[in-house]
Amino acid sequence: MSKTSEGLEIENKFLTDQSTLEELINFYSSPDIGLFVQMVERDERVNTYCDTKKKFHLYQRGMEFRTRDKGTEKTKTDLKTPRDLNKPEIGPNDDGLMYRGEFSAVQTNLNPKLSLACFNDSSAAPFIADIQDKTLKEWVKGSFKRWKVTFAPAANLDSTIEMALERGKFFSPDSTYESEEFFFIEFESKDGNVPALLQAIEKFKEIRGSALTLSTRTKGEMGLEWLAQAGGIPVDLANNFRAAQDTRAKYYTKLRKDEDRAKNGGQMQLNLTVT
C-alpha cells in the first residue's frame with residue numbers, strides 16, 4: 001500500500017442536460033476553436049462507494065470512501081471529508097463552491113474486507129478511529145465517462161482551472177437497480193486560486209446559465225440517496241439510513257438546506273430502471 005496523499009479539493013458542480021453536454025464536448029474537441037485549452041477524453045471508469053454495513057457512519061459524518069480499479073492488481077482508494085473535520089460543513093458555500101479534504105492511497109491486491117485502516121497515517125485518522133476496523137460494504141457504483149478541459153481565465157493566466165464534462169449512471173453492486181443517466185459540468189481549481197475559479201464559473205454562467213442547475217450533492221452522496229429511494233437498502237436498515245440523514249443534516253450549508261426545503265424534504269426525484 002502506498003503512503004496516503006492529502007489535498008484540498010475546491011470544486012463547483014452543475015447538473016445539465018444531454019444536448020448541452022454533447023454540444024460542449026463537440027465544441028472543445030474541435031481543432032478549429034482557436035483556444036489554448038487541453039482537451040482530454042478519459043475512458044469510462046467505475047467508482048464503488050462504500051460505507052459501514054449497518055449505521056452508515058461515513059455518510060452521517062459527511063465522508064465518502066471510494067474505490068476505483070486502476071487495472072492489473074492496483075486499486076485507488078479515496079476518502080473524501082469535510083474541509084474542517086472539527087467543524088464540518090456539508091454542501092457548497094454561498095459562492096457555490098464545495099471544499100473537501102481528499103485522502104488517497106493506491107493498494108495492491110485490495111483485501112475484500114474493506115477497511116479505513118489504509119488512512120491511519122493521515123490527518124483524518126483521529127476522526128475515523130472509532131470505525132477504522134469496521135468492515136465496509138460496497139453500497140453503490142457509478143459508471144461515468146469524463147472529458148476534461150484545462151484552461152486559465154483571461155484575468156488570471158497564471159492559474160489552472162479544470163472543467164470536466166461528465167455523463168453516467170448509478171447502479172447497485174448486483175445490478176438490480178439502475179438510475180437514469182446524469183450529466184454534470186464540474187469546475188475545479190487545480191492550484192487553489194479561488195478568485196480565478198469564481199471568475200471562470202461566472203463567465204460560464206453568463207453563457208450557459210439557463211441550462212445549469214447547481215448540484216449541492218457530491219456523486220457519492222447522490223448515489224447512496226438514489227439507492228435508498230430505489231429500495232436498494234434492506235428494509236431492516238431503512239431506519240438506520242434515515243437516522244444517518246438526520247445526523248448529516250445538522251452540518252448542511254445554507255445552500256444545501258435551501259435545496260432540501262425546495263425539493264420535498266430533500267428527496268431527489270429520479271427515474272429508476274429496475275433490471
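**Exercise 1.** In this predicted model, find which residues line the second largest cavity, and sort them by class.

*Solution.*
- Step 1: list the lining. The second largest cavity is lined by E11, R146, E162, A164, E186, F187 and E188.
- Step 2: sort by class. The lining holds 5 charged residues, 2 nonpolar and no polar.
- Step 3: assign the charged set. Asp, Glu, Lys and Arg count as charged, so E11, R146, E162, E186 and E188 belong there.
- Step 4: trace the elements. β7 (161–171) and β9 (182–189) each supply at least two lining residues. The largest share, 3 residues, comes from β9.
- Step 5: give the volume. The second largest cavity holds about 30 Å³ of space.

**Exercise 2.** How many cavities of 30 Å³ or more does the whole structure have, and what lines the largest cavity?

*Solution.*
- Step 1: count. The search finds 2 cavities of 30 Å³ or more.
- Step 2: give the volume. About 110 Å³ of space lies in the largest cavity.
- Step 3: find the centre. Of its 13 lining residues, Y49, C50, D51, G220 and L224 are the closest to the centre.
- Step 4: trace the elements. β2 (38–52), β3 (64–69), β6 (136–151) and α5 (219–230) give two or more residues each to this lining.
- Step 5: sort by class. This lining has 8 nonpolar, 4 charged and 1 polar residues.

**Exercise 3.** Are C50 and C118 buried or exposed?

*Solution.*
- Step 1: take the cut-off. Buried means under 20% relative accessible area.
- Step 2: apply it to C50. Its relative accessible area is 5%, so C50 is buried.
- Step 3: apply it to C118. C118 has 5% relative accessibility, so C118 is buried.
- Step 4: check for disulfides. With a sulfur–sulfur cut-off of within 2.5 Å, the count is 0 disulfides.

Terms used
Residues are numbered from 1 along each chain as its sequence is written. This is a predicted model: local features need pLDDT of at least 70, side-chain atom pairs count only at pLDDT 80 or more; totals for chains, interfaces and linings use all residues. Side-chain values use heavy atoms; hydrogens and water are left out. Buried means under 20% relative accessible area, exposed over 50%, partly exposed in between (1.4 Å probe, protein chains only). On a 1 Å grid over the protein atoms alone, a cavity is a set of points where a 1.4 Å probe fits but cannot get out, and a pocket is an open set with protein on both sides within 12 Å along at least five of seven lines; lining residues have an atom within 4 Å of a point. Grid points are joined across faces, edges and corners, and a volume is the space filled by probe spheres set on the points. Helices (H or I, at least four residues) and strands (E, at least two) are DSSP runs, numbered from the N terminus.
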